[in-house]
Amino acid sequence: MTLKLWKGKSCVHTFAGHTDTVRGVAVMPNLGILSASHDGSIRLWALSGEHLMEMVGHTSIVYSVDAHASGLIVSGSEDCSAKIWKDGVCVQSIEHPGCVWDAKFLENGDIVTACSDGIVRIWTVDHDKIADAVERDSFATQLSEYKISRKRVGGLKLEDLPGLDSLKTPGNSDGQTKVVREGDNGVAYAWNMREQKWDKIGEVVDGPDDTTKRPVLDGIQYDHVFDVDIGDGEPIRKLPYSRSENPYDVADKWLLKENLPLSYREQIVEFILQNTGQKDFIPDPLFRDPYTGSSAYVPGASSRSPGVTKPSYKHIPKKGVLVFDVAQFDGILKKISEFNNGLQSDPEKQHLSLNEGDMSRWGAIVKILKDTSHYHSSGFSNVDVAMVLKLLKTWPVELLFPVVDVMRMIVLHPDGAATLLQYFKDEDGIIIELIKKITASSPLPANLLTSLRAVTNMFKNGYFNEWLLVHRSEILDAFSSCGSSPNKNVQMAYATLILNYAVLLIEKKDEEGQSQVLSAALEMAEDETIDSDSRFRALVAIGSLMLEGLVKRVALDFDVLNIATTAKASKDAKIAEVGADIQLVAKQT
C-alpha cells in the first residue's frame with residue numbers, strides 16, 4: 001500500500017495513501033511519480049512525498065500507469081479498459097475484450113496496450129495510421145462477443161438466452177413471461193392469450209453483479225446516472241453516483257460543477273439515498289470532503305473530532321478552482337445566427353456580418369467543444385480563433401454575449417486555451433478592451449454574466465495565470481459593481497471570480513493582490529441581501545486568505561470578526577459554518 005524512494009540502500013521517503021496493493025509506478029515528466037493500485041486509483045506524488053493528485057475512474061484493479069511528455073497519462077485495468085487522463089480528468093476510455101495488463105506510451109504519443117486475450121494493440125490519433133475498416137470491424141466484433149460472454153440477465157448468461165425465433169412458439173398461459181436475446185440485451189415478453197401473441201414488456205435490467213452494463217458518463221462507469229430536472233426551463237442535468245461514494249461528497253461536487261445553489265445539498269443527498277435504496281445510510285467517519293478537505297457535514301451531527309487538537313475547519317482553505325463548464329451550444333449557435341441575420345438585413349451594418357462559410361466554421365467550433373472525450377487530441381485552427389476574436393472586436397456590444405460564451409468554453413479546451421493565449425500575447429489589450437466595453441455604462445446582464453464566466457474559466461488552465469496576475473487590478477475594478485447586481489447569476493459569477501483569484505494569489509504569495517481580493521470579498525460578505533451561495537463563496541475566499549494568505553491582519557483591521565459573527569448567526573447552515581471557520585482563524589495566533 002506504500003511506495004518507497006531509495007538512494008542506494010537507504011529509503012529516503014515512504015509514500016503512503018493507497019488503501020491496497022500498489023501494482024505499478026511510472027515517472028511523470030517534470031512533476032514526480034505516478035502509482036497504480038488495487039484500490040482502483042492512480043496517484044501523482046512529488047518526489048518530496050507530497051500527494052499532488054488522485055485519479056479515480058476505474059472500477060477495478062489498476063495494473064499499470066504511464067505518462068507522456070505531453071502531460072497525458074494512460075492506465076490499464078482489470079475493468080477491461082485503458083483510460084487516458086489529462087490534468088486529473090479522464091478524457092477517454094478505450095474498451096478491450098479482456099483485462100488490460102499493461103499500457104504504455106510510445107515516444108510519438110501512440111499508446112500500446114497488452115490485453116488478457118493475448119493481443120497487443122496500438123492506439124493512435126494520427127488518421128494516416130488508423131487501421132482499415134476490416135480490422136476495426138473485427139475488433140468491434142471481438143469486443144461485442146466478449147461483453148456478451150460476460151453479461152448476465154436475470155441470473156442467466158446473455159448468450160444462453162433464446163433468440164427471437166423462440167417467440168414463434170405460443171405460450172401456455174395468459175401472462176406467461178419469456179426473456180429473449182435481442183442484440184446485446186435481454187428483453188422480456190408476456191403471452192397475450194386473447195390475441196395469441198407475445199407482447200413486449202421491455203428490456204430486463206441487469207443484475208447487481210453485472211458490471212458490463214453500468215452507465216458511463218464522461219468516460220467513467222457508475223452504478224447510477226440519474227436525470228435531474230431542476231425546473232425553471234433549465235436543461236436536464238446528469239447526476240452520476242456509485243454506491244462506494246459518500247452521497248454528501250457527490251452532492252457537493254455535483255452542485256459546484258453544475259453551478260447550482262449549495263442550498264440544494266440535502267435535497268440531492270435525499271434523492272440519491274431514496275433512488276439507491278440506502279435509507280439507513282451512515283456516513284463514513286473517515287470521509288474527507290474533496291472541496292475543503294474536511295469531514296462531511298451531517299445535519300445534527302457533532303462537529304468535533306475526538307483527540308484532535310489542531311483547529312478543524314469545514315470550508316477553508318479552498319483548494320482548486322471552480323469553473324463554469326456547462327453550455328447550451330444549440331442555443332448559442334441559434335443566437336449567433338439570429339444576430340448575424342439581423343446584421344445582414346441592416347445596410348449600415350451588413351459589412352459586419354458573417355458569410356455562409358464563416359457560419360459553418362462556427363458549427364465546426366461548437367462540434368469540437370461538444371466532444372469533450374477527445375479534448376486531448378482535438379484542436380482549433382488559427383482561423384477559428386481569429387474569427388471569434390474578430391467578432392468580439394467588431395460586433396455591436398449588445399450582440400456580444402453568445403460570442404463571449406463560446407470563448408468561455410474555448411478556454412477550457414487545452415489546444416483552444418493555448419491558441420487563445422498566443423493571440424493575447426500578440427494583441428495584449430484585446431480582452432481588457434472587451435471587458436471595458438462590456439462593463440461601460442448600463443451594461444447588459446447577459447454580457448456581464450458571460451464575460452465574468454469566461455475570465456473565471458481562465459483559472460482552470462495554468463496558461464493564463466501570468467495574464468490573470470498582470471491584469472488582476474483592471475479585471476477586478478471593471479467588474480466591481482457586479483457584487484451588488486440584482487441578477488443572482490451575475491453575483492455568483494463574480495463571487496466565483498473572487499474565490500478563484502484568492503486561490504491563485506495565495507499560491508503566488510502576492511500580498512498586494514490578496515489585499516484587493518480581500519476587499520472585494522468583504523464587500524460582498526457583509527451584504528446580507530445578496531444571494532446566499534454568492535455570499536458563501538465570498539466568505540470562503542476571506543477565510544482562505546486569512547488562513548493561508550498574507551492578509552489576516554488586514555482582515556482583522558477591517559472588522560472581519562463582525563462579518564463572521566453575523567454569518568455564524570445565519571439560518572443557512574453553510575454560511576453559519578464558514579462564519580465559525582473565520583472566527584476560529586481570527587483567534588489563532
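1. Val388, Leu391 and Leu392 in helix H6 meet Val403, Val404, Met407 and Ile410 in helix H7, where contact means heavy atoms within 4.5 Å. By class, that contact has 7 nonpolar, no polar and no charged residues. Nonpolar here covers Ala, Val, Leu, Ile, Met, Phe, Trp, Tyr, Cys and Pro; Asp, Glu, Lys and Arg are charged; the others, Gly among them, are polar.

2. A word on what you're looking at: this is a predicted model, in which local features need pLDDT of at least 70 and side-chain atom pairs count only at pLDDT 80 or more, while totals for chains, interfaces and linings use all residues. Residues are numbered from 1 along each chain as its sequence is written, and side-chain values use heavy atoms, with hydrogens and water left out.

3. H6 spans residues 382–394 and H7 residues 401–410; they pack at about 140 degrees, with their axes 10 Å apart. Axes are lines fitted to C-alpha atoms, for helices over the stretch in contact, and angles run from 0 to 180 degrees between N-to-C directions. H6 and H7 are therefore oblique to each other; under 35 degrees would count as roughly parallel, over 145 as roughly antiparallel, 65 to 115 as roughly perpendicular, and the rest is oblique.

4. Now the overall tally. The protein has 18 helices and 22 strands, which are DSSP runs numbered from the N terminus (helices: H or I, at least four residues; strands: E, at least two). Of its 589 residues, 47% are buried, meaning under 20% relative accessible area, with exposed over 50% and partly exposed in between (1.4 Å probe, protein chains only). Taking contacts between residues at least 6 apart in sequence, 52% join residues at least 24 apart.

5. H13 and H15 make another helix pair to look at. H13 (residues 488–508) packs on H15 (residues 532–548) at about 10 degrees, and the axes are 8 Å apart. The two are therefore roughly parallel, and H13 passes H15 in a left-handed crossing. H13 brings Lys488, Gln491, Met492, Ala495, Thr496, Ile498, Leu499, Ala502 and Ile506 to the contact, while H15 brings Asp533, Ser534, Arg537, Val540, Ala541, Ser544, Leu545 and Glu548. Sorted by class, that gives 9 nonpolar, 4 polar and 4 charged residues.

6. Is Thr456 buried or exposed? Thr456 is buried, with a relative accessible area of 0%. Thr456 sits in helix H10 (residues 445–457). Leaving aside neighbours within four places in sequence, Thr456 touches Leu322, Phe324, Ala493, Thr496, Leu497 and Asn500.

7. The buried residues include Asp249, Asp252 and Trp254. They pack against strand E21 (224–228), strand E22 (237–241), helix H3 (265–275), H15 and helix H18 (573–587). After H2 comes Asn259, with a positive phi near 55 degrees.

8. On to the sheet. It is open, with 4 strands in the order E3-E4-E5-E6 and antiparallel pairing; two strands pair if DSSP finds at least two bridges between them. E3 (22–28) and E6 (51–56) stand at the edges with a single partner strand each, so one side of each has no neighbour in the sheet. On average, neighbouring strands are turned by 20 degrees against each other, direction ignored.

9. E4 (residues 32–37) has 6 of 6 residues buried, so this strand is largely enclosed by the rest of the structure. E3 and E4 are joined by 6 bridges, and Met28 has Gly32 as its bridge partner in E4. These strands form a hairpin with 3 residues between them, where Asn30 in the turn has a positive phi of about 65 degrees.

10. E4 and E5 pair over 4 bridges, with Leu44 in E5 as the bridge partner of Leu34. Their hairpin has 3 residues between the strands, and Gly40 takes a positive phi near 90 degrees. E5 (residues 41–45) is joined to E6 by 5 bridges, and here Leu44 stands opposite Met53.

Key
A crossing is left-handed if the near helix is turned anticlockwise from the far one by less than a right angle, and right-handed if clockwise.
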